[in-house]
Amino acid sequence: MKHFRSLSAAAAVALFAASLVAACSTPAAENPRPAEPAFRPVASIREVMNSVIDPSVDEVWNSVGSTVDEKGLTDRAPTQDEHWAEVRRHALIVSEAANLLLMHNRPVAPPGAASLAPGVELTPEEIRVLIDKNPEGWDFYVQQFQDSLKPALDAIDKKDSQALFDAGEKIDETCENCHQTFWYPKAVNSSR
Amino acid sequence: MKTKIFAVLLAAGALCAVRPVLAHHAFAAEYDSDKPLELKGTLTKMEWVNPHGWLYIETKQPDGSTKKWTIETSGPAQMSRRGLKKTDFVDGMPLQVKGYQGIKDQAHANGRTLVLADGRSFYIGSVGGPNDGADK
């Protein structure tokens, strides 16, 4: 009988402890890890490309180069700290804009938009199908593009204009890789 | 202030090339592979820049007038690997370009082969373009 009482007391203690644990764990269940912030895309992929990425990557590309004309051969490259800072700003815009392309709920183009080159380049709907069929591939190419900016940023930080110029080819190559896969896969050959 | 000036110079650098197409497009969206052309003219300007270069040449028309052409080339790194250098270009030099006519701009072309006055010939086509053997 005594043994039974002891067992009952132990069970009561265990039950109490369990209820304490449950009570302590309840708030955690009611307050799960904060959800990822809901991204709210405003621009389409086409608009991000045309309004953010294209203009800035052109600034990166055009910051170094050479021209031959009636004045002879003229090389251009950033020379002052503020020049380098300006180019770096554009390289960062492009690098971070790549993240915008990783938001899978971003529409391909504005509603009702057509192919920019019917018969050659896909319609927004066709591009959507390709992206949805291969989201990992999409992410891979976008991140490959983002990575291609790293040598350019390194070159800018070192104020190495030749390295910045050399980095330009890889940036273009990663653009083309993605475009050939998702934008104009039917066009076997492309200009860039 | 200097930054603003440099920003303006950057923009001017992009604009002065007067590139017909700023966005990235498929070859067939910009050029007609059924319209090959061969141009003989003189160089008025050359842009050695990424993602691809530009040649500006003037050709003589049958009526004696001149026509200004803008020709897209491959990227400078690709041309360098084929032995072409920016120092090979001089304003006013004669040259010969084989390529393809632009679709929207009749004075725009995509270059495939460049022949300099000294007879040296270079493939200047972009990755892609028609499989016409120009890159062989």
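I count a residue as buried if 20 or more other C-beta atoms lie within 10 Å of its own. The model is predicted.

**Chain B, overall**

I took the burial of chain B first. Of its 136 residues, 37% count as buried. I then listed the elements: chain B has three helices and six strands. Along the sequence they follow the pattern α-α-β-β-β-α-β-β-β. I also looked up contacts in chain B between residues at least 6 apart in sequence. Of these, 51% join residues at least 24 apart.

**Chain B against chain A**

Next I looked at where the chains touch. I find 39 residues of chain B in contact with 37 residues of chain A. On the chain B side, helix H1 (2-16), helix H2 (27-30) and strand S1 (31-48) each supply at least two residues. Which element gives the largest share of that side? H1(B) does, with seven residues. By class, the chain B side divides into 20 nonpolar, 12 polar and seven charged residues.

**Helix H2 of chain A**

I followed H2(A), residues 45-62, and found a kink of about 40° at A:Ile53. The kink lies shortly before the proline A:Pro55. A:Ile53 is also buried, as are A:Ile45 and A:Met49. Further along H2(A), the buried residues include A:Ser56, A:Val57, A:Asp58, A:Glu59, A:Val60, A:Trp61 and A:Asn62.

**H2(A) on H3(A)**

I checked the packing of H2(A) with H3(A). The angle is about 155°, and the axes are 8 Å apart. The two helices are therefore roughly antiparallel to each other, as angles over 145 degrees count that way. The crossing is left-handed. The contact has 13 nonpolar, two polar and one charged residues.

**H3(A) on H5(A)**

How are helices H3 (residues 81-101) and H5 (residues 135-157) of chain A packed? Their angle is about 165°, with the axes 9 Å apart. That makes H3(A) roughly antiparallel to H5(A). This crossing is left-handed. From H3(A), the contact includes A:Trp84, A:Val87, A:Arg88, A:Ala91, A:Val94 and A:Leu101. From H5(A), it includes A:Val142, A:Phe145, A:Gln146, A:Leu149 and A:Ile156. By class I get 12 nonpolar, two polar and one charged.

I then compared the H3(A) entries.

Note on methods:
Residues are numbered from 1 along each chain as its sequence is written. Chains are lettered from A and ligands numbered from 1 in the order in which they are written. This is a predicted model: local features need pLDDT of at least 70, side-chain atom pairs count only at pLDDT 80 or more; totals for chains, interfaces and linings use all residues. The bend at a residue is the angle between axes fitted to the seven residues ending there and the seven starting there. Helices (H or I, at least four residues) and strands (E, at least two) are DSSP runs, numbered from the N terminus. A residue is buried if 20 or more other C-beta atoms lie within 10 Å of its own, exposed if 12 or fewer, and partly exposed in between; C-beta atoms are placed from the backbone. Axes are lines fitted to C-alpha atoms, for helices over the stretch in contact, and angles run from 0 to 180 degrees between N-to-C directions. Angles under 35 degrees count as roughly parallel, over 145 as roughly antiparallel, 65 to 115 as roughly perpendicular and the rest as oblique. A crossing is left-handed if the near helix is turned anticlockwise from the far one by less than a right angle, and right-handed if clockwise. Two residues are in contact if their C-beta atoms, placed from the backbone, lie within 7 Å. Ala, Val, Leu, Ile, Met, Phe, Trp, Tyr, Cys and Pro count as nonpolar, Asp, Glu, Lys and Arg as charged, and the others, Gly among them, as polar.
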